[in-house]
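Subject: Structure for your review

Dear colleague,

Please find the structure below, followed by an account of what was found in it.

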Amino acid sequence: MSHRPSSGLAAVSTALLAMSRHLEVRDVLKTIVASARDLLDAEYAALGVPDDHGGFAQFVVDGVSEAQWRAIGPLPRQHGILASMLRDAKPERLADVRKDPRFEGWPSAHPDMSDFLGVPIKDGDETLGALFLANKRCPKPEGGCGFTAEDEELLTILAQHAAIALTNARLYERSRELTIAEERSRLAHELHDAVSQKLFSLRLTAQAATALIDRDPARAKGELQQVAALAAEAADELRAAVVELRPAALDEDGLVNTLRTHIQVLDRAHAPRVTFDSSGVRALPAAQEEALLRVAQEALHNALRHSGADEVAVVLLRRGQGVALSITDNGKGFEPRSVRRAGRHLGLVSMRDRAGGVGGRLTVESAPGKGTTIEMEVPGG
């Protein structure tokens with residue numbers, strides 16, 4: 001007999017409705033975990049979304065306090081039973097997880113667990129994650145209560161609907177990010193046009209004042225007052241644009257996830273293949289993270305718009321106590337020295353300024369027909 005506070009269709013319906021109320025991926029993951037734990041009356045529940053490097057891109061738990069979670073330490077890796085679930089994409093129901101030959105132990109602060117039930121979350125042939133429960137709340141005499149076949153069936157149904165909810169949330173976030181990217185691109189073009197016009201007017205007005213200053217000082221004074229007014233307008237427009245373009249996602253998601261999402265959007269929106277790889281990156285001071293993000297965005301814009309590349313690779317790695325970012329394309333390349341002499345590629349100047357402003361450095365490697373690599377390195381905090 002299954003031990004849970006509510007049972008049958010009503011309990012499953014409640015769990016499914018809770019999942020359908022959310023559109024943010026993180027909220028959906030939390031709701032799936034909480035619903036599964038409540039539905040099957042388990043002490044602990046967790047859901048892991050794998051990354052491409054043997055770890056988890058996201059890992060959500062329920063039944064563990066924040067203090068306990070911090071004490072446990074880094075996210076788990078894809079090994080042991082978790083790896084088996086992700087690799088074989090089939091349920092695992094164990095009377096005592098500690099006695100399974102695949103069990104590899106856990107950190108000292110990790111809560112003790114015995115009975116275990118886990119199922120994969122799949123969208124077609126793709127495994128989106130693994131949902132698992134531990135320690136069913138019920139008396140446990142020797143060989144007694146644990147997760148049942150009925151529990152496994154219910155959790156499998158929940159996982160099937162969780163896949164739909166998670167896929168919908170991801171599509172919503174990607175659509176939102178694409179909309180934001182398009183809006184920022186529009187704003188950038190409008191800003192460029194508006195400020196260019198203001199600067200052109202400033203130049204003409206200053207030239208007029210210069211021509212009048214000797215023969216008609218009163219009119220020259222009027223022209224200079226106009227220069228001051230135009231400069232103030234341009235400054236106001238720039239300040240407004242900076243506020244609108246500030247990367248708020250950094251505060252919520254961190255540098256790695258913000259970059260990953262941005263690159264996924266670009267990969268879908270442009271013909272060239274855009275990839276992202278990251279390893280061992282720790283949180284950095286806010287100014288450094290924003291500078292790295294801005295340099296990546298500028299370099300990606302140049303690669304996608306001007307290089308003619310069909311592949312662009314972004315890599316973010318820990319280097320000593322700091323971080324190294326590289327953006328490499330297989331496009332037509334250019335001669336960096338001649339570009340500097342000609343005074344073009346102001347984007348490179350801006351990127352160097354951003355790197356230098358946070359104590360980092362920027363290097364550019366390129367040659368005609370050889371593609372381009374832009375690397376930015378910042379020291380640790």
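Setting aside residues up to four places away in sequence, G80 touches R102 and E104, where contact means heavy atoms within 4.5 Å. G80 lies in helix α4 (residues 80-88); helices (H or I, at least four residues) and strands (E, at least two) are DSSP runs, numbered from the N terminus. With a relative accessible area of 17%, G80 is buried (buried means under 20% relative accessible area, exposed over 50%, partly exposed in between, with a 1.4 Å probe and protein chains only). P101 is 21 residues from G80 along the chain, and their C-alpha atoms are separated by 8.7 Å.

This is a predicted model, in which local features need pLDDT of at least 70 and side-chain atom pairs count only at pLDDT 80 or more, while totals for chains, interfaces and linings use all residues. Residues are numbered from 1 along each chain as its sequence is written, and side-chain values use heavy atoms, with hydrogens and water left out.

Helix α4 also belongs to the group of elements, with β1 (42-50), β2 (56-62), α3 (66-72) and β5 (126-136), that each supply at least two residues to the lining of the second largest pocket. A pocket here is an open set of points on a 1 Å grid over the protein atoms alone, where a 1.4 Å probe fits, with protein on both sides within 12 Å along at least five of seven lines; lining residues have an atom within 4 Å of a point. The volume of this second largest pocket is about 580 Å³, taken as the space filled by probe spheres set on the points, which are joined across faces, edges and corners. Of its 29 lining residues, P76, L82, W106, H110 and F132 are the closest to the centre.

Leaving aside neighbours within four places in sequence, L362 is in contact with residues including V295, L348 and I374.

Q288 is also found in helix α8 and counts as buried, at 8% relative accessibility. Beyond four places in sequence, Q288 touches V358, V378 and P379.

Finally, helix α2 (residues 25-40) is followed by D41, whose phi is positive, near 55°.

Yours sincerely
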